Structure formats: C-alpha cells, structure tokens
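Welcome! Take a moment to turn the structure around before reading on, and keep the sequence at hand.

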Amino acid sequence: MIIAHKIALKLNVQQRIYCARSAGTARFAWNWALNEWKQSYEAGEKVSEAGLRKRLNAIKREQFPWMLDVTKVAPQQAIKNLGTAFTRFFTGKSKYPQPKRKGQHDSFRADNGPGTFKVTGRRLKLPVVGTLKLREELRFTGKPMSVTISREADRWFASIAVEVEHTPPTSENQAVCGVDLGISRLATISDGTFYQATHALRREIRKLRRGSRRLSRKQKGSKNRAKAKHRLAKLHARIVHVRRDSLHKLTTDLTRRFSTVVIEDLNVKGMMANRKLARAVADVGMYEFRRQLSYKAEMRGIRVVVADRFFPSSQLCSTVGCEGRAAGLGLAVRSWTCSHCNTTHDRDLNAAKNLERYSTVSSTGINACGAGSSVAPGQPGRRSLALKQESYIVINDYI
Ligand SMILES: [Zn+2]
C-alpha cells in the first residue's frame, strides 16, 4: 500500500523562488502539452503523453531554456498528469482537461524516482534544489517513492509517498456506533460521548464571516479587493487545517474504539442548512471526515457503513420499540419530546443512535476496503462505504 504524508515546509527565500519557478514550469508544460494535443488532434494526428514529452524534450533547450533551471521531472510529470486527465476524460470520469492558471493548485513533482531523494529526520534532500526543512518527521517507515510539492495560499507542502507493508488487523471488539456530524459540536457518538469543535475553529469561522462581508463591499477590480480576497483565501485554508486536525483526533478515536462506524451520507446536513457559509464549512468537514475515516478503517480492519441519504436519522425516535417520529424538525430545534413514548431527545444524540441501529437492522455491510456496494433484500440503498480502488492514501499534515 502506498501512503502519502503531506508535511509543511520551512523554506528560505531562494527555496521559495525555486518552488514557485518549478510549479510555474510544470504549469507551462501542462498548458503547452494541452495546446499541442488539441492542435495534433485537429490535424488528425494520434497523440500520446509519451510522444508529447519527447517533443518537449527535443525543443526545450532552444525554445524554453529557463526550463533547465528546475528539475526536469516537473515538466515531465505535468505532461504525464495531462495524459491521466485525458484518460479520465475519455472514460467519462471527468471533464475535458483545462489550462492551468497561476495560483490555482500550484504543484510539481520534485524527485527523479525512488532512490533519488532522501528523508532524514526533518530534512528532505531533493535533486537540484538540495535539502529542504520539514515541519515534522515522516510518520511512516517504508520505501520512499515520490515527492510532490504544492502550494496552499502562501505555504508550501511536500507530499511524500511511501510504500508500506500492510496487513489489516482483525478488530477484536464488536462495538458499533453511529456518528452525527455537526458544526459547533463536531460530532455526537451514539454511546453518549461527544467532541466539541475547538475554540480556534469557532474564532476563525467568525473571522471568515466578517472577511466575506468586507470583501463584498470592495469595488470589483480594485487593489483592496484583491488584498481582501487573498486574506480570505488564507483564512479559508486555515479553517480547513484547524478542522482537519480535530477530525484526525475524532477519526483515530472512532476507529480505535469501534469495529463498525455508521455515518450519514454526504450533504445531508448541507441540504438542510440555510446559511451558505455554514454549509461550506460543514461540507469540507464531511468530505474530509469520510476520507480520513475510510483510510483509517482500512488500516485497522474495521467497517464503515453509510446510511442512505434519505434515512431520516434526526426525525425517528430512537427509543427501542417506539415508532414515533418528529415531523418538520427545524435546524434550530436542539431537543424534542416524542409524543409516543414521552422521551425527550437531544437532537444529535438521537440521530447518532438511529444511525447505530441502522447497521444492526441488517448485517450486510462490507469492509470499507471492499469494492462495490451491498444491498440487503428489502433494504434499498443500504451500503457500505466503497473506497476508491486505488489504495493511494493521502495523510495531510499542517502546522
Ligand atoms: Zn418515542
């Protein structure tokens, strides 16, 4: 299994310039190859990414000599990535590849293959640029395979892919839990425990609200607007990081404590939320939560079940044997009393309990690392979380 650990970099001025230049070269190569691809295609020629790489190599010394200042892998990998993007397009998996613009997902491949770079402690030694300082040590031991350097707002990260030996352990405990994800209360677990969002996150969200109001008042095309936009992008990146950190603690904990974790489908909360901002933040969390949960589940050999998106986890009464249901429960309602059994429910805990029961109604879940979905007779839509086929996992880090 290949695991990538993304670690923040501490760069000096020259190194930042080098990274920006390499990312620029990669972007140029992508755009150049995309253009060549289009022209060749229109001329009725057959094109391949390998052919385009050769074509670029033949002309770069003369036409783009500045390309030689950075690692040769940066432009090569960019064209390989374009090839992958075209394959995805031709198989209907994604849209037609688009030109890349500066500042959007700036990144480049920085190594020449396994054995051409070295990680020692907090140091990453790469071809051409030399040694870069890492904010933390690599968490995995195994064969280092590749390094991709990328930018988020104004920070640079190295994503180091490592091949590790992996045999999923068989989980000893049989505990099942349901998880209800929120914003101010990060998660409520069906066993009655919950995880609060950190103070830092609440503060950043308040700042984001203020920032986006300010941005909307700035004149279009003005310098002040560009500045406000940049500030907002930084804040956004920070919120994603802070939230990701809390989610790491949560998903590690869950996959250690339980053998089956039941979660809601994506966007259920999102569709209900009426505030655009709350929705954006919740969505980011939901995707990230699911991503972390699925790879940790695979590593620890536990099962993740995703409830059908129409499963009314908030509205059903979770008292065993009671068929009560709260109709038209607004988002603001934090607790309610069942008219059948008179139990007063905390909204989120009730939802979590219903999710837990969702898995026990039928035992047809499959392991999170299994492919496809399993549907029990008479239970349309119940399925386990099917992980993407590539067992390529990205573990993000930040400081
Ligand atoms: Zn009830």
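In which sense do strand E4 (residues 123-126) and E5 pair, and over how many bridges? This is a predicted model, and in it the two strands pair in the antiparallel sense over four bridges. If you look for Leu-124, you will find that its bridge partner in E5 is Leu-132. E4 and E5 form a hairpin with three residues between the strands, and there Val-128 takes a positive phi near 65°.

Strand E1 (residues 2-10) pairs with E5 (residues 130-134), in the antiparallel sense and over two bridges. Here Lys-10 stands opposite Lys-133 in E5.

Now let us turn to the helices. Two packed helices are described by the angle between their axes and the distance between the axes. For helix H1 (residues 13-42) and helix H3 (residues 73-90), the axes come within 8 Å and cross at roughly 45°. The crossing of H1 past H3 is right-handed. Among the residues that make the contact are Ala-26, Trp-30 and Leu-34 of H1, along with Ala-78, Ile-79 and Leu-82 of H3. By kind, the contact residues of H1 with H3 include 10 nonpolar and four polar, with no charged ones.

Finally, a word on confidence. The protein chain has an average pLDDT of 81, and 83% of the residues score at least 70. The pLDDT is below 50 over residues 268-274, a stretch with 11 contacts in the model beyond near neighbours in sequence. Residues 362-399 also have a pLDDT below 50, and that stretch has 75 such contacts.

Methods. Residues numbered from 1 in each chain as written. Predicted model: local features only at pLDDT ≥ 70, side-chain atom pairs only at ≥ 80, totals over all residues. Axes fitted to C-alpha atoms, helices over the stretch in contact; angles between N-to-C directions. Left-handed = near helix turned anticlockwise from the far one by under 90°. Contact = placed C-beta atoms within 7 Å. Nonpolar A, V, L, I, M, F, W, Y, C, P; charged D, E, K, R; others polar. pLDDT = per-residue confidence, 0-100. Pairing = 2+ DSSP bridges.
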